Amino acid sequence: MSTIEISDLHKSFGKLEVLRGIDLKVEPGEVVCVIGPSGSGKSTLLRCVNLLEEPTAGSIRVAGVEVTDPDTDIDEVRRGIGMVFQQFNLFGHLTVRENVTIAQRRVLKRGRTEANRVATANLDRVGLTDKAGSYPAQLSGGQQQRVAIARALAMDPKLMLFDEPTSALDPELVGEVLAVMRGLAAEGMTMLVVTHEMAFAREVASRVVFMDAGVIVEQGPPAEVFNKPREARTREFLHRVLEPTRVSETEIGAHLTD
Amino acid sequence: MKLSRRRRQRLVRVAGYAVFLAAVLVVITAADWGRLSDAFFRGDVARGMFPEAITVALRNTIIYTLLAFFFGLTMGLVLALMRLSSILPYRWAATAYIELFRGLPALLVLFMVGYGVPLAFPDREIPGGVYGSVTVGLGLTAAAYMAETIRAGIQAVPKGQLEAARTLGMSHTRAMISIVLPQAFRIVIPPLTNEIILLTKDTSLVYVLGVTPATIELTKFAGDTLNTKVNPTPLVVAGLLYLVITLPLSQVVRALERRAARER
């Protein structure tokens, strides 16, 4: 059974159709990286998987459960899906330890000792046991994002969603978050990652999905998509992202006078 | 003669101070201090008000304030959540309530509660006697103001906080209780403290309900003493006792705002 099975997914915000028929499967243990220009619908796709956005039409099954079915207990489904946001979204009024224990206590009904044990284990996984007593505002962006990953992992998810996890970070902090994600992938976690980090996608992804204008333009192993993209739109995007200093004046329609 | 800009500014400033000082001096010298102090600062009249001014009047003022505040806070929270509800009738009801009670004078609402409720429900009464009537009468108005404050506080908590909580499997209610409301209240503590200060002064309206010597508050107590002594010194004493409550509260607000500014 596929971990995620999306078929003919459509999503509109008012008159704007952001997703225009998406079919995508993610198998257990796969790391799927979604790349594409801003506004292509990648984040919306990710947010539909745990129903943070309500699809307009189509079907999404997570571990066999149809999430769009009104009879599905969405809170139950979400427990099995960890999510990491671009803006970290740590709970500002709680310490790092409390951030990692609160959902264990309130949702999984674990006891204090058990929740603390799990929290310590997961903070150790992201290398932040010494920050357990700190508040989010006292941490760097990279540390906050690692806590956010530990918070999600403490719920023992079968699937992790990453929504541009490094886009809000200073360049020198990106590496520590990617290191944690690479470790997770190596442990066999099923991951759906929306990212602009092409090097990460090339190295870690089992499959790369290129989206543009609300549709999947092409997908395949990173070596194929990055080295010999089939579609012109993919080539154009990769050219602009991977070789930004070689984007010519003529291709963007600029007429600079000398 | 042509003045430099700096020199001209200094002249203007000095002239400003001089005018202000002259005005103060005129008021001070023109005022009849003897008569004024005979009227407002009579030591014997002031001393005669104690200890009841504190043990009864100040105490009741504080009790009325706190009762009305917590009634208003609870009701304000419910109204705020109704205003943010996805259920349209809830939003309508809350909006109508807030617009109505924000627009009415507190005195009028207090009067309606004190005399209208007993007429409407002759066999029942608001529990707690005057204390109960004050709680409801002032609380209804306070709730309308606090609802708007709390709503703004909830909306000031970033949307991502609720999303993160829901993503971890919390229900909407659980996420509100554990994640959103604690942060919203932190944001609204300064404006809510202002609300207590306003309520403290609104307790001076309680006299319309008819108070006994046991349930008397500062303003009525001062008014009664004024009548018996035929001297307005009690008003000054009452004013000072109000400041005993409100000035520390203002300090609290300032300290909280400083702390909030640091944390940001």
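This is a predicted model: local features need pLDDT of at least 70, side-chain atom pairs count only at pLDDT 80 or more; totals for chains, interfaces and linings use all residues.
## Chains A and B: questions and answers

Trainee: Where does Thr200(B) lie, and what is its relative accessibility?

Mentor: Thr200(B) lies in helix H9 of chain B, residues 172–202. Leaving aside neighbours within four places in sequence, Thr200(B) is in contact with Thr61(B), Thr65(B), Tyr242(B), Ile245(B) and Thr246(B). Thr200(B) counts as buried because its relative accessibility is 0%.

Trainee: Which backbone oxygen does the side chain of Thr200(B) reach?

Mentor: The distance from the side chain of Thr200(B) to this oxygen is 2.7 Å. The backbone oxygen belongs to Ile196(B).

Trainee: What is the area buried between chain A and chain B?

Mentor: The size of an interface is often given as the accessible area lost when the parts come together. In this model, 23 residues of chain A are in contact with 18 residues of chain B. Carbon and sulfur atoms give 59% of the buried area, which is about 1700 Å².

Trainee: How many residue pairs are in polar contact across the interface, and which element supplies the largest share of the side of chain A that touches chain B?

Mentor: The rule finds 6 residue pairs in polar contact across the interface, both residues at pLDDT 80 or more. On the side of chain A, helix H2 (74–79), strand E6 (81–84), helix H3 (96–106) and helix H5 (141–153) each supply at least two residues. The largest share, 4 residues, comes from H2(A).

Trainee: Which residues form salt bridges between chain A and chain B?

Mentor: The count between the two chains is 2 salt bridges. In one, Glu163(B) pairs with Arg47(A), the closest N and O atoms being 2.6 Å apart. In the other, Asp75(A) meets Arg166(B) at 3.2 Å, N to O; Asp75(A) lies in helix H2 of chain A and Arg166(B) in helix H8 of chain B, so this pair joins two chains. The residues asked for are Glu163(B) with Arg47(A), and Asp75(A) with Arg166(B).

Trainee: Are Asp75(A) and Arg166(B) buried or exposed?

Mentor: The cut-off for buried is under 20% relative accessible area. By that cut-off, both Asp75(A) and Arg166(B) are buried.

Trainee: How many residues apart in sequence are the parts that the pair Arg102(B) and Glu148(B) ties together?

Mentor: The side chains of Arg102(B) and Glu148(B) meet in a salt bridge at 4.0 Å, N to O. Arg102(B) is partly exposed, with a relative accessible area of 32%, whereas Glu148(B) counts as buried at 15% relative accessibility. Arg102(B) lies in helix H5 and Glu148(B) in helix H7 of chain B, so the pair ties together parts whose separation in sequence is 46 residues.

Terms used:
Residues are numbered from 1 along each chain as its sequence is written. Chains are lettered from A and ligands numbered from 1 in the order in which they are written. Side-chain values use heavy atoms; hydrogens and water are left out. Contact means heavy atoms within 4.5 Å. Buried area is the accessible area (1.4 Å probe) that two parts lose on being put together, summed over both. A polar contact is a pair of N or O atoms within 3.5 Å; within protein, one must be able to donate a hydrogen and the other to accept it, and residues adjacent in sequence count only if both atoms are side-chain atoms. Buried means under 20% relative accessible area, exposed over 50%, partly exposed in between (1.4 Å probe, protein chains only).
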